[in-house]
Amino acid sequence: MSSTESPTVSAASVLPRVAPVRVGEGERLRSVCLPGVTLTVRSRPATREGLAPALYVHGLGGSSQNWSSLMAELDGVVDSEAVDLPGFGDSPPPDDGDYSVTGHARAVIRHLDAAGRGPVHLFGNSLGGAVATRVAAVRPDLVRTLTLVSPALPELRVQRSAVPTGLLGVPGVAALFTRLTQEWTAEQRVRGVMALCYGDPGRVGPEAFQQAVDELERRQRLPYFWDAMARSARGIVNAYTLGGQHGLWRQAERVLAPTLLVYGARDQLVGFRMARKAARAFRDSRLLTLPEAGHVAMMEYPDIVAGAFRDLLADSGASAGAAGPAPRGDTGDAGNTDGRGTAAVDARS
């Protein structure tokens with residue numbers, strides 16, 4: 001190597017040292033090195049052999065910890081893994097800096113291809129719901145069923161309460177917000193996030209609140225924290241503007257897997273009115289509406305979401321070994337059809 005050349009350095013090799021990520025009881029963490037990206041994967045050891053694999057994808061600003069309660073509820077039902085998307089949780093930024101919905105979907109696909117676990121029961125929340133929709137549309141061979149909790153699919157009339165989150169994607173806004181809120185404590189920030197994401201923030205106990213504060217303090221020490229947030233928010237906004245076959249609603253129509261849609265009536269980030277539109281778009285779908293839930297129903301009502309998923313398995317025959325992989329690759333443009341089997345279920349606590 002000449003004096004003018006330098007070795008290639010990945011983002012994962014230059015991270016600052018911060019506090020370790022919390023690992024819940026019965027969970028394990030491992031790091032997966034893939035071309036252009038390193039992912040942290042949270043898992044729960046399968047309670048018995050022969051369980052079908054499941055993969056969970058979190059939303060903007062979240063991490064694999066968002067799925068811990070639901071994963072515990074589904075012990076004995078599926079073999080669970082949850083991924084930290086690039087730049088979130090304990091995963092370093094992607095080498096190419098691509099935080100678009102397509103970039104995150106590419107990371108999920110690379111992980112599934114490398115692990116050889118597909119087809120999986122794929123779960124997604126918010127940004128993760130958009131990512132999971134794209135994965136299911138372009139790689140049907142990797143997805144056995146699809147469960148979307150408040151997926152970030154394009155809305156013509158975005159809720160006013162969701163506008164500040166979208167504005168994070170505007171160049172310079174994240175830096176300005178950081179300067180304006182530099183005196184805010186981690187506790188204040190967490191309370192604000194919970195007020196935005198939970199239907200009833202009072203359901204969060206003191207221990208869970210402190211864990212969220214500790215995690216935010218850890219992540220704020222990472223130099224790429226706000227950049228990952230801003231670029232991923234921009235990725236959502238950009239995905240909303242795409243038309244044609246790359247549009248998320250068009251891709252939703254092309255999903256072959258049986259789909260469970262979960263919407264909270266108190267969601268301040270994804271409009272509850274989008275629930276019926278989603279139920280019409282996904283060809284083989286069922287809809288669970290939770291009147292008291294907000295944006296993260298899998299954290300607020302994990303038992304109810306788990307029950308709805310078990311019903312999906314029972315009715316679709318997609319349990320372990322019951323469904324083989326769908327044909328690989330892009331299936332083309334599948335339009336709406338009659339007889340989707342969409343069901344609306346109201347669940348009240």
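This text walks through a predicted model, from its strands to its helices and then to its salt bridges. Local features rest on pLDDT of at least 70 and side-chain atom pairs on pLDDT 80 or more, while totals for chains, interfaces and linings use all residues. Residues are numbered from 1 along each chain as its sequence is written, and side-chain values use heavy atoms, with hydrogens and water left out.

Strand β4 covers residues 79-84; helices (H or I, at least four residues) and strands (E, at least two) are DSSP runs, numbered from the N terminus. Of the 6 residues in β4, 5 are buried, where buried means under 20% relative accessible area, exposed over 50%, and partly exposed in between (1.4 Å probe, protein chains only). Two strands count as paired if DSSP finds at least two bridges between them. Strand β2 (residues 37-43) runs antiparallel to β4, and 4 bridges join the two; R42 has A82 as its bridge partner in β4. β3 runs parallel to β4, with 5 bridges between them, and V57 stands opposite V83 of β4. β3, α1 and β4 together form a right-handed β-α-β unit. Right-handed here means that, with the strands pointing away from the viewer, the path from the first strand over the helix to the second runs clockwise.

The loop between β3 (53-57) and α1 (68-73) holds S63. S63 has a relative accessible area of 4% and is therefore buried. Beyond its neighbours within four places in sequence, S63 is in contact (heavy atoms within 4.5 Å) with H58, D84, G89 and R219.

Helix α3 spans residues 127-138. Its end C-alpha atoms are 17 Å apart, which agrees with the 16 Å that 12 residues should span at 1.5 Å a residue; the expected span is 1.5 Å times one less than the number of residues. In α3, 11 of the 12 residues are buried, among them L127, G128 and G129. The buried residues of α3 pack against β3, α2 (101-115), β5 (120-126), β6 (143-151), α8 (225-241) and α9 (248-253).

Helix α6 (residues 186-197) also has its burial described residue by residue: A186, R189, V190, M194 and C197 are buried. Viewed down the axis of α6, these buried residues fall within an arc of 130 degrees, so they line one face of the helix. The arc is that of the directions from the helix axis to the C-beta atoms.

Q211 belongs to helix α7 (residues 206-220). Its relative accessibility is 25%, so Q211 counts as partly exposed. The C-alpha atoms of Q211 and R22 are separated by 8.1 Å, although the two residues are 189 residues apart along the chain. Also in α7 are R219 and E215, 4 residues apart, about one turn of the helix.

R219 and E215 form a salt bridge, with 3.9 Å between the closest N and O atoms; the term means a side-chain nitrogen of Lys or Arg within 4 Å of a carboxyl oxygen of Asp or Glu. R219 is buried at a relative accessible area of 6%, and E215 is buried at 11%. Salt bridges that share partners also join R30, D79, E81 and R117 into one network.

The structure holds 16 salt bridges. In one of them, the side chains of R42 and E27 meet at 2.7 Å, N to O. This pair links distant parts of the chain, 15 residues apart, with R42 in strand β2 and E27 in the segment before β1 (28-34). Both R42 and E27 are buried. R139 and D141 meet in a salt bridge at 2.9 Å, N to O, and R139 and D141 are buried as well.
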